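Subject: Handing over the structure

Hello,

Here is the structure I promised to pass on. Please open it first, then read my notes below.

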Amino acid sequence: MRTTSPLSFKNINRLAIPALLTGIAEPILSATDAAVVGNIEINPTEALAAVGIVGSFLSALIWVLGQTRSALQAIIAQYYGAGKIDEIKNLPAQAVYLNIILSILILGGTLPFINGIFSLYNAQDLILEYCVEYYGIRVWGFPLTLLTFAIFGIFRGLQNTFWPMVVAIIGALLNIGLDFALVYGIADWLPEMGLRGAAYASLIAQAVMALLSLILLFWKTDISLKLRFPINPELYRLIGMALNLFVRTIALNLALYLANSFATDYGPSFIAAQTILINIWLFSSFFIDGYAAAGNILAGRLLGAKDYDGLWQLSKKVSLYGVGVSIFLMVVGMLFYEPLGLIFSKEPAVIARYSAIFFIIILMQPINAIAFIFDGIFKGMGEMKYLRNVLLLATFFGFVPAIFIGDYFGLELYSIWIAFSVWMLIRGVALILKFRKRFKPKVSEAI
């Protein structure tokens, strides 16, 4: 149902809060694996390092191919805003099947080369062995995750973030329960499985989420996943948008790859600490991303309706809310940084390296908020080409020089997180300037 005031505090939070909960549920799947595995009795540092490396690589694959979700969501939202949703009834099924085909190709293309892939992350000896074991199980959930993401995109395009939240929370809770049961075992009833148990826990959770997403799509919407021809003309625009996001995400994952590669090269305690830091950073990022998602959903709707005053107000409101959330996260981080680290590892060397860097994570929060908010708005407007160019600029002229310069001067983990800070600052500034240039002239004098 349409609301009479899409920019009201109530409506923005109706979209943002479920999206926020959905967002933080996603990194919980990886963070839980890391926290549980980091506390096993045998080789916990190496196991934690392997979870971090594999998690980074899988995130790269999911983010690269999961961009059809953002493109599909933007197109559906724009047609929803224009009152022409019937014109794209066959588009979601075509997009979903495209995603499934691509995911199967990627799965088949990586499995024969997993030793070589993780060697590129500087994984060696026991860490490499653990990476191969963990990835060989978790990768089978890859097509299931992409299917779930595509369905989430359909719901969000229809201005509904509630049901994706339900699915994500169920998946996260199931993953947590299975992690403890399968990794540590249950008395004499279920044997301890260690790292393999964490992988199976994630795989089962992903399967349940995909099944629930399908059930809810058929139950709560009129969208059919029956493949119908001819090809919807918007599929070509979707593919173009997804390709721009594909290039963008390759640049994004280059940054994540370099961060993990450098940290692994510094030693096991460094990559273990980096795994903790990146999981907390991703958790806080997805937390802020709730309001970015609201901006994404409403920006597509307002652009479809050609409501430029509404777009301008939207940018101001969601930015304010996002910065407010970031300040809350800063306070929580300052108060609880030590207990947060101890959730993942009790190794003194790991915690010492983590604690030395954590202040950068805290200071980054407002910068992250602005960058993510405007990133969401631009995705909702379908401005994928500009988002691609910004990410390329931020990565190759910000992150890469910063991390290599920091490494040259022996800054180790500091160089990684200084590079991330530069990266996010460039992204935020570039998006704000572009938005103002494009929409300020179109806003009425009253605004």
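Start at Asn-368, which is found in helix H13. Helices here (H or I, at least four residues) are DSSP runs, numbered from the N terminus, and strands (E, at least two) are DSSP runs too. This is a predicted model, in which local features need pLDDT of at least 70, side-chain atom pairs count only at pLDDT 80 or more, and totals for chains, interfaces and linings use all residues. Residues are numbered from 1 along each chain as its sequence is written, and side-chain values use heavy atoms, with hydrogens and water left out.

Asn-368 is buried, with a relative accessible area of 0%. Buried means under 20% relative accessible area, exposed means over 50%, and partly exposed lies in between (1.4 Å probe, protein chains only). Leaving aside neighbours within four places in sequence, Asn-368 is in contact with Trp-281, Ser-285, Ile-288 and Met-424. Contact means heavy atoms within 4.5 Å.

H11 spans residues 268–304 and H15 spans residues 413–439. They pack at an angle of about 10 degrees, with their axes 12 Å apart. That makes H11 roughly parallel to H15. Angles under 35 degrees count as roughly parallel, over 145 as roughly antiparallel, 65 to 115 as roughly perpendicular and the rest as oblique. Axes are lines fitted to C-alpha atoms, for helices over the stretch in contact, and angles run from 0 to 180 degrees between N-to-C directions.

Ala, Val, Leu, Ile, Met, Phe, Trp, Tyr, Cys and Pro count as nonpolar; Asp, Glu, Lys and Arg count as charged; the others, Gly among them, count as polar.

H11 packs with H10 (residues 233–266) too, at an angle of about 145 degrees and with axes 7 Å apart. H10 supplies Leu-256, Ala-259, Asn-260, Ala-263, Thr-264 and Tyr-266. H11 supplies Phe-270, Ile-271, Gln-274 and Ile-278. Seven of the residues in this contact are nonpolar, three are polar and none is charged.

Ile-271 also touches Ala-49, as do Ile-127 and Thr-275, not counting residues up to four places away in sequence. Ala-49 sits in helix H2 (residues 44–65). Ala-49 is buried, at 0% relative accessible area.

The largest pocket

How much space lies in the largest pocket? About 500 Å³. On a 1 Å grid over the protein atoms alone, a pocket is an open set of points with protein on both sides within 12 Å along at least five of seven lines, whereas a cavity is a set of points where a 1.4 Å probe fits but cannot get out; lining residues have an atom within 4 Å of a point. Grid points are joined across faces, edges and corners, and a volume is the space filled by probe spheres set on the points.

The lining of the largest pocket has 24 residues. Asn-279, Ile-280, Phe-283, Leu-340 and Phe-344 lie nearest its centre. H1 (9–37), H8 (162–184), H11, H12 (308–344) and H13 (348–380) each supply at least two lining residues. H12 gives the most, with eight. The lining has 19 nonpolar residues, five polar and no charged ones.

Loops

A few backbone details deserve a look. The peptide bond from Phe-229 to Pro-230 is cis, with omega near 10 degrees. Pro-230 is in the loop between H9 and H10.

Gln-159 has a phi near 70 degrees, a positive value in a residue other than glycine. Gln-159 lies in the loop between H7 and H8. At 3% relative accessibility, Gln-159 counts as buried.

Glu-412 also has a positive phi, near 50 degrees. Its loop runs between H14 (384–408) and H15. Glu-412 is partly exposed, at 34% relative accessibility.

Best wishes
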